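Open the model in your viewer and keep the sequence panel beside it. The stops below say what to select and what you will find there.

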Amino acid sequence: MKIHEYQAKEILKGYGVPVPRGRMTTQAAEVYDLAKEMGGTVVVKAQIHAGGRGKAGGVKLARSPREAQDIATRLLGSRLFTHQTGPEGKQVQKLLIEEGLNIKKEYYLGIVVDRSRRQPVFMASAEGGVEIEEVAARNPAAILKEHIDPQIGLSPFQARKLAFGLGLPPALVGQAVKVFAALYAAFVATDASMVEINPFLETAEGNLIALDAKVNFDDNALYRHPEFRLLRDYSEEDPLEIEASRFGLNYIKLDGNIGCMVNGAGLAMATMDIIKLAGGNPANFLDVGGGASEESVTSAFRIILSDSHVQAILVNIFGGIVRCDVIARGIINAAKAVGVKVPIVVRLEGTNVDEGRRLLQESGLNIALADGMQDAAEKVVAKARA
């Protein structure tokens, strides 16, 4: 689950991470007074769930309250197009008005889970203010990493090592160690999947401040944080993804024309890969889960078909926990209930697979059975093209 910058800063501030003074607003008429309250010179920042806002014109420095209000008027209601929004862009509905600061140096800080090590990894770079992916591609050595034993936490020596590695002035190392510890405390306490500060700012006055902030939460831990659900901005999400979440389905819309319904995230990824290898283009990632039911299968079909670009559907199910005959009945009933008019290719393996295949063959529906994943991919790509 993603949240906005202003929300992330409020959370990090509660753990001791220093952030600039700022206020969120949805009204351009409020910006003049907000800017005046913060000293006149402010930064007007569009709040959307995407990186690259600065390059897209969504972050502007205003040197007077009047200029700030003019910028806000132009930004609110406009669409920003970044490398993360896709060609449709994102509409700006909220702004963060933030005090101007005297920038001396920009750094990067981030914490994610390194799944290969099964540990959080604290990353830092002296090349802040730019996309960390660019730094990783151009100069991987510029990214410092400290893996953290979750039973011990971020050790003071690790924090000092990062601070000195960034080239911070010795007088600021103690301050940096406290900020790093606060950032890690927030990461753990909120069950975040990622926290990122880019840029992490050294001011001319000798202060360290999180000039930007991004926090993503682990959806699987949200039951422990009901207060975070209130931070979800549905206007920033795809309507089909929202609908899928209501039925416990994991759905992500893509730009292809072959709908995919699969049980298990790993199998879903493999299915999309083999469709690409066969010359096709997946229209979505959809995982109905290991305990797929007739209701979830029906909902999955409805969501897939809500995408007008879908010209064929591949159902790829491995019946382990759930039996193949149960899935087959779900596919048949769902296809009839939803009124599927595009061809369907089904690959079934696992418990009661013979009975499941028999039910599909005798259904009278436009369903082609596949023997193996490669056969399934080739058939669905051919049907989509036809």
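The chain holds 13 helices and 18 strands. This is a predicted model. Show the whole chain before selecting anything. Along the principal axes, its C-alpha atoms fill a box of roughly 75 × 50 × 40 Å. The chain has 386 residues, and 52% of them count as buried. Its accessible surface comes to about 18200 Å². Carbon and sulfur atoms contribute 50% of that surface.

**Stop 1: strand 5**

Select residues 90-91, which make up strand 5. Centre on Lys90, which lies in this strand. Is Lys90 buried or exposed? Lys90 is buried, because its relative accessibility is 18% and the cut-off for buried is under 20%. Next, show what surrounds the residue. Setting aside neighbours within four places in sequence, Lys90 is in contact with Ile48, His49, Ser78, Arg79, Leu80, Thr85 and Glu236.

**Stop 2: the loop at Arg118**

Move to the loop between strand 7 (103-114) and strand 8 (119-125), and select Arg118 there. Check the backbone. Phi of Arg118 is near 60 degrees, a positive value in a residue other than glycine.

**Stop 3: helices 5 and 6**

Select residues 156-165 for helix 5 and residues 170-189 for helix 6. The two helices pack at an angle of about 125 degrees, and their axes are 9 Å apart. That angle makes helix 5 oblique to helix 6. The crossing of helix 5 past helix 6 is right-handed.

Which residues of helix 5 meet helix 6? On the helix 5 side, show Ala159, Arg160, Leu162, Ala163 and Phe164. On the helix 6 side, show Val173, Ala176, Val177 and Phe180. Colour this contact of helix 5 with helix 6 by residue class: eight residues are nonpolar, none is polar and one is charged.

Stay on helix 5 and pick Phe157. At 51% relative accessibility, Phe157 counts as exposed, because the cut-off for exposed is over 50%. Draw a distance from Phe157 to Lys336. Their C-alpha atoms are separated by 63 Å, and the two residues are 179 residues apart along the chain.

**Stop 4**

Asp191 has a positive phi, near 55 degrees, and is a residue other than glycine. Asp191 counts as buried, because its relative accessibility is 18%.

Carry on into strand 10, residues 192-203, and select Pro199. The peptide bond joining Asn198 and Pro199 is cis. Omega is about 10 degrees at this bond.

**Stop 5: helix 8**

Select residues 239-246, which form helix 8. What are the buried residues of helix 8? They are Leu240, Ile242 and Ala244. Then look at Gly248, which follows helix 8. Phi of Gly248 is positive, near 70 degrees.

**Stop 6: helices 10 and 11**

Finish with helix 10 (residues 294-305) and helix 11 (residues 324-338). At what angle do helix 10 and helix 11 pack? The angle is about 45 degrees, with the axes 8 Å apart. That makes helix 10 oblique to helix 11. Helix 10 passes helix 11 in a right-handed crossing.

Helix 10 brings Glu294, Val297, Thr298, Phe301, Arg302 and Leu305. Helix 11 brings Ile327, Gly330, Ile331, Asn333, Ala334 and Val338. By class, the residues of the contact of helix 10 with helix 11 divide into seven nonpolar, three polar and two charged.

Note on methods:
Residues are numbered from 1 along each chain as its sequence is written. This is a predicted model: local features need pLDDT of at least 70, side-chain atom pairs count only at pLDDT 80 or more; totals for chains, interfaces and linings use all residues. Side-chain values use heavy atoms; hydrogens and water are left out. Helices (H or I, at least four residues) and strands (E, at least two) are DSSP runs, numbered from the N terminus. Buried means under 20% relative accessible area, exposed over 50%, partly exposed in between (1.4 Å probe, protein chains only). Contact means heavy atoms within 4.5 Å. Axes are lines fitted to C-alpha atoms, for helices over the stretch in contact, and angles run from 0 to 180 degrees between N-to-C directions. Angles under 35 degrees count as roughly parallel, over 145 as roughly antiparallel, 65 to 115 as roughly perpendicular and the rest as oblique. A crossing is left-handed if the near helix is turned anticlockwise from the far one by less than a right angle, and right-handed if clockwise. Ala, Val, Leu, Ile, Met, Phe, Trp, Tyr, Cys and Pro count as nonpolar, Asp, Glu, Lys and Arg as charged, and the others, Gly among them, as polar. Accessible areas come from the Shrake-Rupley method with a 1.4 Å probe; for residues, only the protein chains shown count as cover.
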